[in-house]
Every structure is written in C-alpha cells, then in structure tokens.
Amino acid sequence: MLVCACSIFAIVAFIFWILVLRSNLSLAEFGWKFFTRSAWDPVAGDFGALPFIFGTLATSLLALLMAVPLALGVAIFVTELCPKVLRAPISFLTELLAAIPSVVYGLWGVFVLVPLMRDVIGPFLSKTLGWTGFFEGPNFGVGLFTASIILSIMILPIISSLTRDIMLAVPNSQREGVLALGATRWEMIRVGVLRNSRIGIVGAIMLGLGRALGETMAVTMVIGNHPNISKSLFAPANTLASVIAGEFSEATGDLYLSALIEIGLALFLVTIVVNAIARLMVWAVTRGAPVGAA
Amino acid sequence: MSTQPIPIPPARPGPMNLQSRGMRINTARRTITNHIVSGLAILATLVVLAPLAAILFYLVYKGASSLNLAFFTHVPAPVGETGGGMANSILGSGVILFVASLMGIPVGIAAGVYLAEFGRGKMLANAMRFTADVLNGVPSIVMGIAIYSLVVMPQKHFSALAGGIVLAIMMIPTVTRTTEEMLSTVPRAIREAALGLGVPKWRTVLSVSLRTASPGIITGCMLAFARVAGETAPLLFTAFGNQFWSFKLNEPIAALPLQIFVYAISPYDEWHRLAWAGSLVLIVLIMVSVTLVRIYANRGVLKGGS
C-alpha cells in the first residue's frame with residue numbers, strides 16, 4: 001500500500017526528471033533566454049518560446065474573462081436562487097459539459113464555431129469594436145479569439161462546480177443572519193456568501209486557469225497554429241501545449257525535439273505551481289465545511 | 001455585476017420627510033439590484049447550457065446518419081473511397097483502456113487505501129493527497145511527452161503499451177482520491193467491530209472497509225475510465241494511431257479519439273462524416289458511464305456510509 005501511495009510522488013518526480021533529461025540539449029543551448037526569444041525557426045535551429053507563452057497567456061486570460069462571470073452566475077443560481085428540484089439537474093448538466101472530451105470540442109469548434117466566427121461574429125466585432133485595434137486584420141475564423149471561446153466553455157464547469165461546493169460550505173446561519181438584518185437576497189449573497197468564500201473562489205478560478213493553460217486538442221484545432229505575437233485577436237497564434245501537439249511528431253533533429261520537450265517542462269512546472277496554489281486556497285475554505293454540505 | 005446607484009434627486013420642499021424619501025429610494029434601488037442580479041444569474045445559467053445543447057445537437061445531427069453496421073465492422077477506407085468504418089479504432093481504444101485500467105486501477109486503489117486506512121493524519125499522507133490533486137492538473141500532453149521520452153524513445157517505435165501507460169498514470173490520482181473519499185465514509189464502528197473480534201488490521205481493511213465501500217470505489221474507477229477514454233493529446237506520441245487492425249501491445253495502435261482528431265483536420269468530407277460519427281459514439285459511451293455513476297451515487301449507496 002505504502003509503495004503504491006508513494007508511486008504518486010514517484011510519478012511527479014519521474015516526469016520532472018525525464019523532461020529535464022530530454023530537454024538538456026536545448027537547456028544548454030539557449031539557457032533562460034529560451035523564454036524571452038521570439039524566434040521559432042526549425043530549419044535554422046533557432047528556438048524561442050515567447051510566441052507560445054504569449055498565445056497561452058492570451059487565450060487563457062481571455063477564457064477566464066469570459067468564463068468567470070458566467071461560472072459565478074451559475075453557482076449563485078444553483079446554490080441560492082433556483083428551486084431545489086432544479087438544483088441537481090443543472091449541476092449534472094454543467095458537469096456533463098466537463099465530461100465532453102477535448103477532441104469533440106475541437107471537432108465542434110472546427111465545423112460550427114469557426115464558420116460562425118468567420119461569417120457572423122467576426123465581422124460584427126470588427127465593425128463595432130474595430131476601433132480598439134483588438135479586432136483588426138483578416139479574419140479567418142481560426143485564431144486567438146476562437147480558441148479562447150472554446151477554452152472558456154471547457155473551463156466553465158470546473159470553476160462553477162467548485163464555486164458551488166465552496167458556496168454550499170458557507171453555513172446557513174450566516175445567510176439567515178444577514179437576511180435577518182434586512183438585506184435583500186443579493187446583499188445576502190454578496191455579504192454573507194461571496195465575501196466568506198472569496199479565497200475558495202479565487203482558488204477555483206486558478207484551477208480553471210490551470211486547465212486552460214494545458215488544454216491541447218481543442219485549442220490546436222482552432223487556433224491556427226502560427227507562432228506570432230499580434231495585437232489582433234483574429235490573428236492565428238499558437239500555445240505551449242498546441243505547439244507540442246502540432247510539431248512533436250514532425251520534429252526532426254535533436255535540438256528541435258529537445259526544444260519542444262523544454263516547452264513541455266515549462267508547462268509542467270507552471271501548471272504544478274498554479275494547481276498547488278489553487279488547491280491550497282480551495283482546501284483552506286472547504287476544510288471547515290459542515291458535514292454533508294458538499 | 002457592478003450596479004449603478006440611481007442618483008438621489010435633490011430634495012424638494014414638501015410635506016415629506018427628506019430622510020424617509022431617501023430611504024425609500026434606497027430600498028427601491030436595492031430591490032432593483034436584487035432583481036437584476038437574479039436575472040443575470042439565470043441568464044448565465046442559460047448561456048452556459050447553450051453550448052452543451054449545441055454540441056449534443058450537432059453530434060446527433062451530423063453523426064447519427066453515418067452510424068451503420070459498416071462503421072462498427074470495417075477499417076477506414078482509403079482516401080477517395082466512400083464507406084469504411086472505425087472498427088479498428090474502437091477496438092484499439094478498448095485495448096489501450098484495458099491496459100491502462102489493469103495498471104492504473106490497482107495502484108490507485110492501493111494508494112487510496114493507504115491514505116484512508118493507514119495514513120490518517122500523517123504528514124506523509126497529507127503530502128500525498130496534495131500531490132495527487134496537483135498531478136491531476138498536469139496537462140495530458142505533458143504526460144504524453146514524458147512517456148514518449150521514457151518508453152517510446154528507447155524502444156524506437158510507438159506502441160499500444162506506451163499509450164496504456166500514459167492513461168494509467170492519468171487514472172491513478174482520480175482513483176486514489178475517490179477510493180480514499182469512499183473509504184472515509186465507512187463508519188468507524190464497523191471497523192472497530194471487526195478489530196474487536198480480533199481480526200487483524202489488514203483483514204479488516206480488505207473484508208470490511210473495502211467491501212463496504214466497494215460500490216463507491218467502482219464508481220470512482222468508472223469516472224476515471226470515462227475521463228481518460230476521451231483523451232487524445234497523450235496518445236499522439238505514444239499509441240500514435242494505425243489505419244489497420246492491430247492487437248499487438250508492441251505496435252502502434254488506433255484509438256477512437258486519435259482517429260477523430262485525424263479525420264477532423266483532414267480535408268475530406270467523407271472523413272469529416274466519420275469524425276462526427278466517431279464523436280457521437282465516444283460521447284454516448286462517456287455520457288452513459290457518467291450518468292450511471294451519477295444515478296448510482298444519488299441512490300445513497302455512497303451517502304449511506306456516513
């Protein structure tokens with residue numbers, strides 16, 4: 001039993017070790033500059049991860065921007081507003097959203113969302129918001145913005161179901177206390193529930209971020225896979241995860257392969273840190289939960 | 001969800017007390033805010049459920065017409081020919097998942113048993129629990145390249161075994177955590193009764209705790225299974241995919257999610273059709289297992305423990 005339990009440590013250590021070992025070549029060649037250079041030229045053997053870091057951050061943050069308000073809305077609706085009968089079905093449906101495999105999101109994205117972006121949403125955005133400079137340039141349907149939309153749909157269920165659990169962990173006496181002071185329902189939610197669970201909610205959001213950072217298939221299929229840094233959200237881009245998926249099996253040459261593995265190593269470390277912080281935050285809130293609340 | 005306070009108009013001379021007027025307006029503002037927020041929450045829920053409905057609708061609409069006997073019995077047709085199926089992918093997924101379950105589930109359950117029965121309150125167990133949760137969040141593509149470096153590179157060829165190992169590693173944290181949670185719902189009194197009869201600890205764990213919690217543990221395994229069944233990214237560089245029948249663990253093997261990916265990004269309409277059909281099959285499999293788990297969990301078998 002102990003051996004099996006320790007295998008969890010072993011797995012993490014092992015992944016780290018093998019990634020460091022195999023990215024040795026690129027680590028030695030580029031050092032820390034790898035993460036600040038924007039060159040990505042397999043032919044010349046010149047590699048830098050900046051465009052992918054940009055793509056990952058841009059898509060993840062945009063996805064959070066779209067997903068967080070919606071997820072909070074769902075959590076508030078499910079825990080505080082909706083009739084008891086609807087509570088279970090709605091939670092179930094949002095969790096189904098989490099069960100859909102990434103590749104199916106990608107398929108749907110390619111054949112439904114991309115044409116929609118190209119023909120309807122994109123032109124509308126560039127007409128109304130074109131002056132901001134974020135929606136300029138040719139719109140192919142694939143690109144940063146489309147990837148962000150898909151990502152936001154994918155991380156929504158994680159954020160909303162965790163937020164729901166955290167909000168349910170707030171004791172009812174708290175709600176009753178605020179209501180008894182004459183608060184409206186929203187004031188009760190804001191003062192009594194949200195304020196008490198904010199650390200946990202931030203944790204839930206960070207867990208969503210962790211998922212968004214590492215999401216691969218759906219993003220690869222709709223982001224356009226081009227390593228550039230552009231202000232326009234219509235521009236095709238690439239993320240850390242999607243460049244690995246797209247180029248790993250075609251990588252010729254040891255340096256190319258090792259550069260891709262180094263990107264994987266970076267992704268591994270970043271997601272571990274983000275997840276660790278997020279877990280600690282969620283634990284801090286739900287540990288004292290009343291029995292049977294979650 | 002910021003709220004615009006309605007400006008309070010300047011006081012006008014009149015019989016009405018200024019303060020009560022302000023209070024009344026304040027109350028009105030609070031009520032309106034309350035309604036607006038409630039409305040927004042309902043709207044958010046609808047917006048969230050819309051993509052789910054859209055995805056399911058498209059899957060059925062585009063996929064159902066392509067599902068026929070050939071889909072389940074034939075290998076993919078060469079480019080340009082119509083027909084063909086994904087039989088080898090479905091079988092390949094089965095092989096990979098079988099290998100993964102064989103390795104991942106026993107290790108995961110054993111780790112969960114340790115956490116719940118032997119490690120209660122120990123620092124080491126807490127650290128393990130934490131690591132398992134963190135491991136759960138590591139992107140699957142990273143797992144994929146790690147196993148590629150570990151298994152595929154030395155062997156110099158892709159293999160079903162490598163695919164199975166990746167998925168096994170991804171199953172372990174989920175299985176561990178659910179096993180632990182299920183075991184901790186088993187009442188102490190039952191354990192104490194067994195121990196009181198002089199049954200050794202290991203026997204108590206096996207015959208009493210595990211048996212009591214077994215429905216929940218099976219549920220957890222099914223959840224982990226459903227989760228990895230749709231994984232594509234880690235299989236890209238391990239199982240790799242195959243256009244033909246293959247049963248050997250030592251050779252590249254087809255997998256349903258992989259095949260969907262390949263077909264989806266291909267330029268052929270015929271392949272797109274198959275991708276939709278394959279997705280429909282995949283999603284039905286996953287949803288059925290998730291729904292079963294859910295129904296079972298709600299039955300109170302799992303809740304009954306505490």
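The following legends describe close-up views of a predicted model.

Local features are given where pLDDT is at least 70 and side-chain atom pairs only at pLDDT 80 or more, whereas totals for chains, interfaces and linings use all residues. Residues are numbered from 1 along each chain as its sequence is written, and chains are lettered from A, with ligands numbered from 1, in the order in which they are written.

**View 1. Overall build of chain A.** Chain A contains 12 helices and two strands, where helices (H or I, at least four residues) and strands (E, at least two) are DSSP runs numbered from the N terminus. Along the sequence the order is α-α-β-β-α-α-α-α-α-α-α-α-α-α. The C-alpha atoms occupy a box of roughly 70 × 60 × 30 Å along the principal axes. Of the 294 residues in chain A, 53% are buried; a residue is buried if 20 or more other C-beta atoms, placed from the backbone, lie within 10 Å of its own.

**View 2. The side of chain B that touches chain A.** Here 66 residues of chain B are in contact with 64 residues of chain A, contact meaning that the C-beta atoms of two residues, placed from the backbone, lie within 7 Å. On the chain B side, α1(B) supplies the largest share, 18 residues. By class, this side has 49 nonpolar, 14 polar and three charged residues. Ala, Val, Leu, Ile, Met, Phe, Trp, Tyr, Cys and Pro count as nonpolar, Asp, Glu, Lys and Arg as charged, and the others, Gly among them, as polar.

**View 3. Helix α1(A) against α4(B).** The axes of α1(A) (residues 2-22) and α4(B) come within 9 Å and cross at roughly 50°; axes are lines fitted to C-alpha atoms, for helices over the stretch in contact, and angles run from 0 to 180 degrees between N-to-C directions. The two helices are therefore oblique to each other, a term for angles that are not under 35 degrees (roughly parallel), over 145 (roughly antiparallel) or 65 to 115 (roughly perpendicular). On α1(A), the contact is made by Ala5(A), Ile8(A), Phe9(A), Ile11(A) and Val12(A), and on α4(B) by Met128(B), Thr131(B), Ala132(B) and Leu135(B). Eight of these residues are nonpolar, one is polar and none is charged.

**View 4. Helices α5(A) and α6(A).** Within chain A, α5(A) (residues 102-129) and α6(A) (residues 144-168) pack at an angle of about 130°, with their axes 10 Å apart. This pair is therefore also oblique. The contact involves Tyr105(A), Gly109(A), Leu113(A), Val114(A) and Met117(A) of α5(A), together with Thr146(A), Ile149(A), Ile150(A), Ile153(A) and Met154(A) of α6(A). Its residues comprise eight nonpolar, two polar and no charged.

**View 5. Surroundings of Glu262(A).** Glu262(A) lies in helix α12(A), residues 254-286. This glutamate is buried, because 24 other C-beta atoms lie within 10 Å. Leaving out residues up to four places away in sequence, Glu262(A) touches Ser23(A), Ser26(A), Leu27(A) and Phe34(A). Leu19(A) is 243 residues from Glu262(A) in sequence, yet their C-alpha atoms are 7.0 Å apart.

View 6. Beyond its neighbours within four places in sequence, Ile96(B) is in contact with Ala160(B), Gly163(B), Gly164(B), Leu167(B), Ala239(B), Ile253(B) and Ala255(B). Helix α9(B) is mostly covered, nine of its nine residues being buried. Among them are Leu256(B), Phe261(B) and Tyr263(B).

Terms used:
A residue is buried if 20 or more other C-beta atoms lie within 10 Å of its own, exposed if 12 or fewer, and partly exposed in between; C-beta atoms are placed from the backbone.
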